Amino acid sequence: MRRFGLISIFLLLAAGCSRKEVVPEEPKPVLSSISVSDKEWVLSEGASFELPFTVNSPSFSFNYDVTSSRCQVLLLKPGGMLPTGVRLASVTPGTLPGAYTAVIADTGSGKAYDEDIALCIQDPPMTGAYVSSAPFHVKSERKPSEPFSQTGLPVVYVDTEGSAPIVSKEDYVSATLSISGEVGLEPVTCSIRGRGNTTWYWPKKPYLVKLDEKMSVLGMPKHKRWILLANFMDRTLMRNLVSMKVASLTSLNWTPRCQPVELVLNGRHVGNYLLIEQVRVDKNRVNITEMKAEDNSGEAVTGGYLLELDFHYDNEVQWVDPHGRNGQWGDGIPFGVKYPDPEDLTPAQLNYIKGYVTEAASALYGSSFTDADAGYAAYLDTDSFIDYWLVFEVMCNHELGNPGSVYMHKDRGGKLVAGPCWDFDWGILSFYTSAGETSLVNGKAIWYERLFQDPAFAEKVKARFNELLPQLETIPAYMDQCEALLTESAKLNFKLWNPADDKSQNGGKIINGDENLSFHDAVQRLKRNYEKHLRVMQEKL
């Protein structure tokens with residue numbers, strides 16, 4: 001019995017020694033809040049900033065390795081969207097429990113942003129709920145993209161000194177000019193003033209820019225002077241653009257190069273413009289001999305000269321030659337000297353060029369006008385007059401007969417040459433201002449009525465037209481290309497301007513006839529009229 005008792009006691013003691021002591025587990029740290037110390041940051045492209053933050057439970061453990069697929073830290077905008085311009089670059093623990101520092105970096109995308117963001121931790125990773133900090137504000141130094149910067153056209157920025165308004169065609173305002181785009185231009189100093197005759201009095205103003213130094217603009221050859229054509233009345237925004245394309249198909253000495261752009265004036269977008277080379281005497285433009293003050297006799301006085309025929313009579317040096325037809329204004333043609341400049345033109349030079357024009361007109365209207373030696377061919381470069389007429393006729397530009405913005409030039413020792421082409425917006429391919437739907441438009445313009453009385457001239461015009469016809473027939477496809485280029489710009493432009501307002505300058509009648517159409521419908525009408533008049537020319541020449 002004693003042995004059993006001792007054994008029993010031993011067993012009871014062994015059982016008691018083998019029982020483990022149960023220790024209560026500590027509760028798992030719970031994340032309930034995140035505090036950030038900064039509220040707003042402005043970042044330049046590629047820059048970053050440090051954002052200190054703390055979690056409410058110092059012992060809370062989480063994956064903050066941003067290179068890990070199970071990282072629990074991320075940035076979110078209100079609504080749960082990812083930010084557009086910044087990223088979480090890294091997270092590092094601080095020296096105090098629960099303290100960390102996040103590095104937030106600009107993505108370098110080049111896009112502007114301005115947004116509220118929260119720093120978030122997901123618990124558990126991948127599937128858990130987010131705990132978010134209070135939002136902080138991040139924005140880029142870049143301004144948000146404006147709609148005009150997304151049309152696909154270069155953007156020309158002109159900022160006048162002190163944001164001074166441009167109110168004069170005579171007085172320049174100091175300014176800076178820059179151009180964004182693939183072939184842009186860093187800010188340069190310049191002067192700007194208004195320009196144009198009727199067009200200056202419309203709401204959308206045209207401008208003349210004079211750079212302080214000659215330079216290439218949008219890939220065009222270097223020069224100081226550039227024009228910003230408003231094309232206010234042109235619902236297609238391409239009448240000048242297409243006309244210069246047609247002129248470039250000919251053998252004319254020089255045709256102004258041009259590029260559609262958006263214009264931002266003193267921070268305000270003012271619509272679609274055509275940046276175009278100004279008609280000037282220069283090796284890169286009207287390339288004729290530049291006159292000197294001493295060029296007053298002999299061969300030297302014979303050139304070069306640039307003349308403008310314009311019924312506005314707004315040239316400082318001008319006269320009316322009695323020969324020829326001047327449209328609705330009666331007989332006699334207004335000639336003006338554009339080069340040499342009025343202040344440089346000497347009396348001997350003026351007498352020479354006036355005398356040459358008079359002799360040329362007298363020979364043209366004389367009894368021997370078809371004679372190669374005594375007639376017009378001795379004074380006029382016939383080929384240039386033919387190509388010049390064809391451009392005006394193809395585009396139904398009746399202003400060859402008014403005349404308005406019609407140019408001729410004469411180099412030293414040379415004949416009178418027609419061109420360059422300029423100002424093709426009023427009534428172009430509209431059939432509102434001409435009978436182009438059924439007949440030729442310029443058969444009786446200025447000197448051409450007399451020129452066409454020479455069978456040899458008429459035959460040359462017909463032959464040259466047929467020679468150019470295959471290229472002229474490509475223009476409708478070019479119009480399609482222009483439409484694609486200009487569509488987005490047109491949407492913005494016509495929110496700003498109503499071309500039908502041009503009737504205020506035309507006796508209450510719209511000018512081109514498409515002012516109340518949509519942009520697309522106006523372009524289609526332009527194409528139809530072009531093709532129709534091309535057929536008329538084939539029939540009538």
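Strand β6 (residues 99–106) is largely enclosed by the rest of the structure, because seven of its eight residues are buried. Buried here means under 20% relative accessible area, exposed over 50% and partly exposed in between, with a 1.4 Å probe and protein chains only. Strands (E, at least two residues) and helices (H or I, at least four) are DSSP runs, numbered from the N terminus.

This is a predicted model, in which local features need pLDDT of at least 70 and side-chain atom pairs count only at pLDDT 80 or more, while totals for chains, interfaces and linings use all residues. Residues are numbered from 1 along each chain as its sequence is written, and side-chain values use heavy atoms, with hydrogens and water left out.

**Strand β6 and its partners**

Strands count as paired if DSSP finds at least two bridges between them. β6 pairs with strand β3 (residues 48–55) in the antiparallel sense over seven bridges; Glu50 has Val103 of β6 as its bridge partner. Strand β5 (residues 86–93) also runs antiparallel to β6, joined by seven bridges, and Val86 stands opposite Asp106. β5 and β6 form a hairpin with five residues between them, and Gly98 in the turn has a positive phi of about 80°.

**Salt bridges**

A salt bridge is a side-chain nitrogen of Lys or Arg within 4 Å of a carboxyl oxygen of Asp or Glu. The structure holds 14 salt bridges; the table gives some of them.

| Pair | N to O distance |
|---|---|
| Arg239 and Asp514 | 3.0 Å |
| Asp295 and Arg412 | 2.9 Å |
| Arg464 and Asp387 | 2.7 Å |

Arg464 lies in helix α6 and Asp387 in helix α4 (residues 382–394), 77 residues apart. Arg464 counts as buried at 16% relative accessibility, and Asp387 is buried at 1%.

**Arg525**

Arg525 sits in helix α8 (residues 519–540) and is buried, with a relative accessible area of 11%. A polar atom of the Arg525 side chain lies 3.1 Å from the backbone oxygen of Asn512. Leaving aside neighbours within four places in sequence, Arg525 is in contact (heavy atoms within 4.5 Å) with residues including Arg239, Tyr432, Asn512 and Asp514.

Key. Polar contact = N/O pair within 3.5 Å; in protein donor to acceptor, adjacent residues only side chain to side chain.
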